Amino acid sequence: MVTAAAAAAAAACGGGNGGGASETLPPGRGGTLTFLTIGEAPTMDPFGVPSDAVVYGNRLAAVYDLLVETSPGTGATVPRLAQSLVPSADFREWVVKLRPGVRFSDGTPFDAAAVKKTWDMHGRPEVRSVHAVAVQGLRTVVRDPLTLVATLDMPNANFDRMISRHLNFIGSPAALANLEAFRSRPVGAGPFVLTEWVKNDRQVLVRNPTYWQGPAPLDGLVYRVVPETEWHPDMIADGEANVSVINSARVAEHARRRGLGTSRVPVSGGQMLIFNTTRAPFDDPRVRRAVALALSTKAVNDVAFGGAGTPARGIFTTASPLTNINLIAPDNDPDEARRLFAELTAGGAKPVEATLLVPPVAETEAIAEYVATTLNAYPGVRITTQRTSVEELVDKVRVRQDYQMSFYQVWADDPDPLIYGFLHSASAGNVTRYSSREVDAALEAGRAASTVDARRTAYTRVQVQMNSDVPCWVYAESESVGLWGDNVRGARMFNDGVVDLFQLGLA
């Protein structure tokens, strides 16, 4: 449940650790800040891209602001453009109350009809929203100009988290009348307005003078695309840029050595190998277990991250109060792996063969070499690596599920909705095609639960069954790490690594 009273808790929560003076000193007024990002956004509408902070979320937040944010300190949802979200006793109806007096940058009122317009568009097939799953079975009614009533087809005690991940960004209904133009010239109610976009190079934004919290400290922002994450710390330290959000523990350690301010937001999910559980050889859970037992999360951390990462114990971060930290996923038992592979291959006579998709990322390529070398040392095991572009990998894994084994990553500031979407057998986001009645039931119980203890009990059931079935092998905990130079002030992170751009400024 999100209420206005929760805002005080959010104000007390920092963005992680290592923030230092940037979080405590007030920003000066004026100046333009350069924010590095690792990839281009194909569109700037609320429908065409995920909300992941590392690539898209920070740019979308600049233009649209957010209905709610989630606190990395407590996991609680906190109101922002929404004033409150209050569920019914059975969690099938949620009343969304909006702040009065908010307007989009084009002057259109930010009201319940505007929220309904964006949410309804997510469900239109021709829009092809990547967030369409969030509005399946959802009905909305405008009760009054500032009140929207959302009715769900089944109880969901965590619908506020569904909003935070999938339905947070609201566009001006006047501008959305021309969706094609809107994709490159978005209009939101955020602290900045997009004025220039040079694809694969930069986006230029200026301060929104009518922003509901008042004009931001900065005159403007420039988002600059630099895919080589390892360059970011040096560019910031040398004054070529000011801020970046990355997901590499090795690069974060380099940033700390260069004296940059850092803030870490741990999230569930993780960096992982995923298996297509409906295609040989990984339709056999013994093969998946053997692979996991043959490999070592510690070895991956040493090989790829120079020991700076956090080896995973499963798909839930150990920093979450919803995680049972006594459970550890299969890992680093070569004797048991040898026994299983010998059984599966009849002593090497019947090969276990598979292809591993590898995106062109230096750390991932190093892990792929370790995986192939380690597994191919077992008699009868033949793993081939196939280097592929990110676009090809997304098509094969997320769109067509035409793969055997692949690298994958999930950033989930809460298990619901992303872990739910990744594992539930009825979810379009279940790229492994994993199907377990026990996991489905546990995920549904976690979604229906409203207390930490009840949710932890449900997700413990998920952990136990996943440790048995091994639809994926998570080798490193995910984290979003904010980097900033010593002239940056007011840096605060929330959600899965979104920076509060209204508070951000220069010394």
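Helix 11 (residues 297-305) and helix 13 (residues 362-376) pack with their axes 9 Å apart and at an angle of about 135°, where axes are lines fitted to C-alpha atoms, for helices over the stretch in contact, and angles run from 0 to 180 degrees between N-to-C directions. That angle makes helix 11 oblique to helix 13, since angles under 35 degrees count as roughly parallel, over 145 as roughly antiparallel, 65 to 115 as roughly perpendicular and the rest as oblique. On the helix 11 side the contact (heavy atoms within 4.5 Å) is made by Ala299, Val300, Val303, Ala304 and Phe305, and on the helix 13 side by Glu363, Ala366, Ile367 and Tyr370. By class, this contact has 8 nonpolar, no polar and 1 charged residues, with Ala, Val, Leu, Ile, Met, Phe, Trp, Tyr, Cys and Pro counted as nonpolar, Asp, Glu, Lys and Arg as charged, and the others, Gly among them, as polar.

This is a predicted model, in which local features need pLDDT of at least 70 and side-chain atom pairs count only at pLDDT 80 or more, while totals for chains, interfaces and linings use all residues. Residues are numbered from 1 along each chain as its sequence is written, and side-chain values use heavy atoms, with hydrogens and water left out.

Helix 13 also belongs to what covers the buried residues of helix 10, together with elements including strand 12 (261-275), helix 12 (334-344) and helix 17 (452-469). Of the 10 residues of helix 10 (residues 285-294), 7 are buried, so the helix is largely enclosed by the rest of the structure; buried means under 20% relative accessible area, with a 1.4 Å probe and protein chains only. The buried residues are Val287, Arg288, Ala290, Val291, Ala292, Leu293 and Ala294.

A further helix pair is formed by helix 5 (residues 159-166) and helix 15 (residues 415-423), whose axes come within 8 Å and cross at roughly 80°. These two helices are therefore roughly perpendicular to each other. Arg161, Met162, Arg165 and His166 of helix 5 make the contact with Asp416, Pro417 and Leu418 of helix 15, and by class it has 3 nonpolar, 1 polar and 3 charged residues.

Elsewhere, 4 strands form an open sheet in the order 4-5-7-6 with antiparallel pairing, two strands being paired if DSSP finds at least two bridges between them. Strand 4 (82-87) and strand 6 (139-144) stand at the edges, each with a single partner strand, so one side of each is left without a neighbour in the sheet.

Technical notes
Buried means under 20% relative accessible area, exposed over 50%, partly exposed in between (1.4 Å probe, protein chains only).
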